[in-house]
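Take a look at the sequence and the structure first, then read on.

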Amino acid sequence: MSEQNFDLVVLGAGSGGYAAALRASQLGLTVGLIEKGKVGGTCLHVGCIPTKALLHAAEVADVTRESAKYGVSATFGGIDIAGVTTYREEVVASKWKGLQGLIKARGITTIEGEGRLTSPTSVQVGDVTVTGKNVILATGSYSRSLPGLEIGGRVITSEQALALDFVPKKVAVLGGGVIGVEFSSVWRSFGTEVTIIEALPNLVPNEDIAISKAFERAFRKRGIEFKTGVRFAGVTQNESGVVVSLENGETVEAELLLVAVGRGPATANLGFEEVGVTMDRGFVLTDERLRTNIPGVWAVGDIVPGLQLAHRGFQQGIFVAEEIAGLNPIVVDDVNIPKVTYSDPEVASIGLTEAKAVEKFGADAIATYDYNLAGNGKSHIIGTSGNVKVVRQKDGPVLGVHMIGARVGELIGEAQLAVNWEAYPEDIAPYIHAHPTQNEALGEAFLAIAGKPLHGI
Amino acid sequence: MSEQNFDLVVLGAGSGGYAAALRASQLGLTVGLIEKGKVGGTCLHVGCIPTKALLHAAEVADVTRESAKYGVSATFGGIDIAGVTTYREEVVASKWKGLQGLIKARGITTIEGEGRLTSPTSVQVGDVTVTGKNVILATGSYSRSLPGLEIGGRVITSEQALALDFVPKKVAVLGGGVIGVEFSSVWRSFGTEVTIIEALPNLVPNEDIAISKAFERAFRKRGIEFKTGVRFAGVTQNESGVVVSLENGETVEAELLLVAVGRGPATANLGFEEVGVTMDRGFVLTDERLRTNIPGVWAVGDIVPGLQLAHRGFQQGIFVAEEIAGLNPIVVDDVNIPKVTYSDPEVASIGLTEAKAVEKFGADAIATYDYNLAGNGKSHIIGTSGNVKVVRQKDGPVLGVHMIGARVGELIGEAQLAVNWEAYPEDIAPYIHAHPTQNEALGEAFLAIAGKPLHGI
Amino acid sequence: RPVDERRPERQPSTPPVRVLARRLGVDLESLTGTGEHGLVTRADVEAAAGSVAPGPTATT
Ligand SMILES: Cc1cc2nc3c(=O)[nH]c(=O)nc-3n(C[C@H](O)[C@H](O)[C@H](O)COP(=O)(O)OP(=O)(O)OC[C@H]3O[C@@H](n4cnc5c(N)ncnc54)[C@H](O)[C@@H]3O)c2cc1C
Ligand SMILES: Cc1cc2nc3c(=O)[nH]c(=O)nc-3n(C[C@H](O)[C@H](O)[C@H](O)COP(=O)(O)OP(=O)(O)OC[C@H]3O[C@@H](n4cnc5c(N)ncnc54)[C@H](O)[C@@H]3O)c2cc1C
C-alpha cells in the first residue's frame, strides 16, 4: 500500500483528462494522470483520428474513381484493406507517440491502472492511493446499445467497425447521427451497400433542418439508402448475415449491423456514487463551471451531459485547470462549440439553428440566408455542391452558421469567432474573402445577410 | 453618334469593374458597364478560375498516383489534356453564364466595345458616348515581359500556358511569384520537368521568409528545380525548344519558356492622360479612398498600384460604389487583404510578416510562434506538412498569419477577421477549434502565442 | 470585477466591438461594461456614441 500525492488528480487520460493535465502542469500544478488503457482515450485510438483516416482513404478512392471528370486517366483497382489498416494504424501510432512525449515533457506523472474514487481527494489504483486537493473525473464513454440489442458476432459497434479486415458487401447501420453517417460514408466509398435506420425523422437530426435535408439528398445521390422515422424492433443473425426487423414490419438484410445509437458515460462502479457525487443516468452532473456537488471534485468530457466531442473535452479540461489555478476562465456554452460531421458531404455548424433561433427570439426577430455553393467557384472546381446558411438576429449578431459540402469543416473556425464574439454580419462585410476559395462562400453568405450580396441576388 | 447617360459609368468589367457595377445598382444607381471582351475579365477567363481548375486536375493526378499510401489500389494512366480542357472550359463557361445572368438581373446596362475616356464624365465606345456623373476606371492588367524579351513561339505567358493542348516535357519558368509557382506546380503534377528562374533571393518572395524557405523545401522535394537570386540574360528558340541564358553564365534548356514576371496596368491609349488623370508608369494614382486627381473619376483593381488580386478588386469596386452613394465605407489596407498562392503546397497569408512587424514595432515589441503541421492530426491524415506562423505585438493584437501546406488557403478567413479586428490571441484562446481539422492548427498557434499551447511545447 | 484571462490589462470586450468603438470615436477604457464579467457590449459603445446604428457600415 503506497501513496502518491499531487495538487491535481485526473482520472482518465482521454481528450478531457489529458487536456486538463497538460494545462494544469503549465500552470505549475503537480498532476497525477490515471489511465487504465492508452493515453489519448477514445478520440485518438478508436474515435476521431482513425475514423478520419478511413474517411481520407474513402476520399482517395472516390477521387481515383472519378478522375476522368478532371482529365486524369486512372483505373481504380479496389480497396486494399490491409493497406488501409497500415495507414490508419500509422497515423494513430504517430499521434500517440507525440502525446506520450508531450505528457512526459510537461512533467506529468502518468499512473497506469484502473482507478476508483474513494474520497473527494483520493483515487485508488491497485494498491496505490493517489491523492490530490482537486480531482477531475474524465472517464469518458462507451458505445451504447438499445435494450435487448446485444453486441456480438455480426452486430458490432464503431470499435469493431474500425478494425474490420474486409470490406463488407452490405451493412445495416442503426443510427443516422455523426458516427453512423461517417461509417456509412466510408463504406459506400469502399463499394459497400449501406442502409441506415434512424428513429428520428431525419439523418444528422441535430443539425438545422435545411442541412439535414441537403444531407439526405446527397446521401441518396451517392446510393446510400436510409429509413428515417422508423424504429428498430429486433435482429437475428446467422453464419452469413443479419436480418434487422423494424417496428413498421419491414426488414433489412445485411452482412453486418453497426449499432451507432450514441455513447453512454463510462462511470459504473468507479465509486462516484459512493463518494456522493450527484449523477443522472450515469452522467456526472456539474454546474456551468464544471463543479460536481462535492467541493474539489470536477468532471469533464463525455461524462458531462451535452455534446460529446473531443474539442469540448479539451476546452473543459483547460477550463477546469484554469479555474483551479484561479484564472476565472470564461464559460463557452455547448451551443457555441463547433460541430463537424466528417463524411462526404461534410457538415459543420455552430450556434443556433433557425428553429432554435425562432424559438428563442421569435420568427420576426431573426433573418436567415442560405448561400448555395453552386455560386462558389472553388466548390464547382472540386466538384462539390452544398450550402452555407447563416442565421442572424435582425439588426443583431450572427446566431448560427450551418454548412454542408466537401471540406466545409475547415471553414468553421471563422464562424466560431463570429458567433462567439457576437459579430454582426456588417462587421465582417468590409473584409472581402480570398478568391477563389470555399471560404469565400462564407464571406458571400455574411455579405448577403448584411444586405449586400456580391455574387448573389 | 448616340449618347447614353447613367449615374455611373464603369470602364472594364473585370473583378473590380463588375463588383462596382453590381454594388452601385444595388444602391439604386443606374450603371453603364463597358467591356470590350467578356464580362468577368482576367480572373474569370484567363486567371483565377481556369488556373484553379488546372490545379485541381493536378491534385487529382497526385492523389491517384499516391493512392497506395492510403490503401487504395489504382493505376495512374496519364493526363488526358483534352479532358482537362473540357473540364476547365466547363467551369469557366458556367461561372461566366452565372455572372452574365447576375449583371442582367441587377438591371445593369452592358455596353460592348472598347471605351476611351474623353472627359471626366464621358467614355466613347465606337459611336456611342456614354456619360455619367461618376466614372470608374477598371481596365485591368496584362502579362508583362522584360525589356528585350519578346513573347511569341515557345516563349509564352500565362494565357497561352493555360490553353496548351499538350503536356510539355520540360518548361523553364521565369518568375517565382504567385503565377510562376502555380503553373510550375501544375506541370510538375502532370509529369513535366520544371526549372524556375527568380531574380530575388527566394521563391514566393513577398511572403514571410520562413514561408518562402518552407515552400522551397517542398518544391525541391517535389523535384521542381529553381534558381534564385539570378537574373535572366536572354533566350533563343528553335523548332524543338528554348535556351534561356542567365547573367551568371548558366543556361536552361526547355521546350517552353513561361514568362511570369508580373502584370502591367492596361491603361495605354485609353485617354486617361489626355483627360488629365495622374498616372505613374501606367498605373492610375489614387488616394486611399480610390479617387483619382479628377473629381468624379475613380480607379479600382489591377490598375491601382498594390496587390493585384481579384478580391481586392471586388473590395475596391464595392468601396467606390458605396463611397459614391455616400455610405462612407471603411478603408482596408492592402496588407490586411488575404493572399493565397494556389499550388502544392498552398500558401496563405495576411497582415505583417515577421520582418515587417520588426521594422514597424522593433524586435522587442513583437512575438512569433511557428506551429508545425506535423502536430496536426488532419494534416497528417491527408499527408501534408507545413506551418502556421503567427506574428503578434507583445501584449497586443495579432499582426500577421502566415501558413503553408495543402489546403491552408481555406483557413485564411479566420485569420482575416483576427487581423482586421486586431484581436488578441487571448481573445481567441477560449474557443477551442474543432478536432480533428486543419483549422485546429490555427487554433493551436493562437493558443501557443497566447502562452498556453495545448498540443505543443 | 473578476479577473478575465482573455484580455490582460484591457477593458474586456470583443474584437468587433473594439473596432466599432474606434470607428465611432468611443474610448473603451472610459466605459463601464454592462455585459457578463463587465464586458463592454456593443450597446454600451453605441450608447456612448449616442448612436443606434446596427453596425459599422451603413447598409441599404
Ligand atoms: C467513432 C468515433 C468517432 C469520433 N469522432 C470524433 C470527431 O471527429 N471529433 C470529435 O470532436 N469527437 C469525436 N468523437 C468523440 C470523442 O472521441 C469523444 O468526445 C472524446 O474522446 C471524449 O473525451 P473524454 O476525455 O471525455 O473520454 P475518452 O476519450 O473516452 O477518454 C476516457 C479515458 O479514461 C480512461 N478510463 C476510463 N475509466 C477509467 C478508470 N476507472 N481508470 C483509469 N482510466 C479510466 C479510458 O481508458 C479512456 O482512455 C468520436 C467518437 C467515436 C466513438
Ligand atoms: C494566371 C492568373 C491567375 C490569377 N489567379 C488569381 C487568384 O487565384 N486569385 C486572385 O485573387 N487573383 C488572381 N489573379 C489576378 C486577378 O485575375 C486580377 O487581380 C483581377 O482580374 C483584376 O481585376 P480587374 O478588374 O482590375 O482587371 P481585369 O480582370 O483584367 O478586367 C479588366 C477588364 O477590362 C476590360 N477592358 C480593358 N480595357 C478596356 C477598354 N478600353 N474598354 C472596354 N473594356 C476594357 C478587359 O477586357 C477586362 O475584361 C490571377 C491572374 C492571372 C493572370
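A residue counts as buried if its relative accessible area is under 20%, as exposed if it is over 50%, and as partly exposed in between, using a 1.4 Å probe and the protein chains only. By that rule Thr51(A) is buried, because its relative accessibility is 8%.

Before going further, a word on the ground rules. This is a predicted model, where local features need pLDDT of at least 70 and side-chain atom pairs count only at pLDDT 80 or more, while totals for chains, interfaces and linings use all residues. Residues are numbered from 1 along each chain as its sequence is written, chains are lettered from A and ligands numbered from 1 in the order in which they are written, and side-chain values use heavy atoms, with hydrogens and water left out.

**Thr51(A) and its place in the chain**

- Thr51(A) sits in helix α3 of chain A (helices are DSSP runs of H or I with at least four residues, strands are runs of E with at least two, and both are numbered from the N terminus).

**Ligand 1**

- There are 40 residues around ligand 1, and Glu35(A), Thr42(A), Lys52(A), Asp302(A) and Ala310(A) come nearest (a residue is near a molecule or strand if one of its heavy atoms lies within 4 Å of it).
- Why is the site of ligand 1 called shared? Residues from chains A and B surround ligand 1, so the site is shared between those chains.
- Several elements of chain A each supply at least two residues of the shell, namely α1 (15-26), β2 (31-35), α2 (41-46), α3 (48-65) and α9 (310-324).
- The element giving the most to the shell around ligand 1 is α2(A), with 4 residues.
- By class, that shell holds 13 nonpolar, 20 polar and 7 charged residues (Ala, Val, Leu, Ile, Met, Phe, Trp, Tyr, Cys and Pro count as nonpolar, Asp, Glu, Lys and Arg as charged, and the others, Gly among them, as polar).
- Now for some atom distances: a polar backbone atom of Lys36(A) is 3.1 Å from a nitrogen atom of ligand 1, and one of Asp302(A) is 2.8 Å from an oxygen atom of ligand 1.
- Taken on its own, ligand 1 has 1,000 Å² of accessible area, and the protein covers 95% of that (accessible areas come from the Shrake-Rupley method with a 1.4 Å probe, and for residues only the protein chains shown count as cover).

**Ligand 2**

- Ligand 2 lies between chains A and B.
- Which residues come nearest to ligand 2, out of the 40 around it? They are Glu35(B), Thr42(B), Lys52(B), Asp302(B) and Ala310(B).
- The biggest giver to the shell around ligand 2 is α2(B), with 4 residues.
- The shell around ligand 2 splits into 13 nonpolar, 20 polar and 7 charged residues.
- Backbone N or O atoms come in here too: one of Ser15(B) lies 3.1 Å from an oxygen atom of ligand 2, and one of Leu309(B) lies 3.3 Å from an oxygen atom of ligand 2.
- The protein covers 95% of the 990 Å² of accessible area that ligand 2 has on its own.

**Aromatic rings**

- Over all chains, a search of the whole structure turns up 9 aromatic pairs (rings of Phe, Tyr and Trp, the last by its six-membered ring, pair if their centres lie within 6.5 Å; planes under 30 degrees apart count as stacked, over 60 as edge-to-face and the rest as tilted).
- One of them joins Tyr18(B) and Phe314(B), whose ring centres are 5.8 Å apart with planes at 55°, so the pair is tilted.
- Tyr18(B) lies in helix α1 of chain B and Phe314(B) in helix α9 of chain B, so this pair ties together parts that are 296 residues apart in sequence.
- Tyr18(B) is buried at 7% relative accessible area, and Phe314(B) is buried at 1%.
- The rings of Phe215(B) and Phe219(B) have centres 4.4 Å apart and planes at 40°, so this pair is tilted.
- Phe215(B) and Phe219(B) are 4 residues apart in helix α7 (residues 209-221) of chain B, so about one helical turn separates them.

**Charges over rings**

- Arg65(A) lies over the face of Phe76(A), 4.5 Å from the ring centre (this takes NZ of Lys or CZ of Arg within 6 Å of the ring centre and within 35 degrees of the ring normal).
- Arg18(C) lies over the face of Tyr424(B), at 5.7 Å from the ring centre.

Conventions:
Polar contact = N/O pair within 3.5 Å; in protein donor to acceptor, adjacent residues only side chain to side chain.
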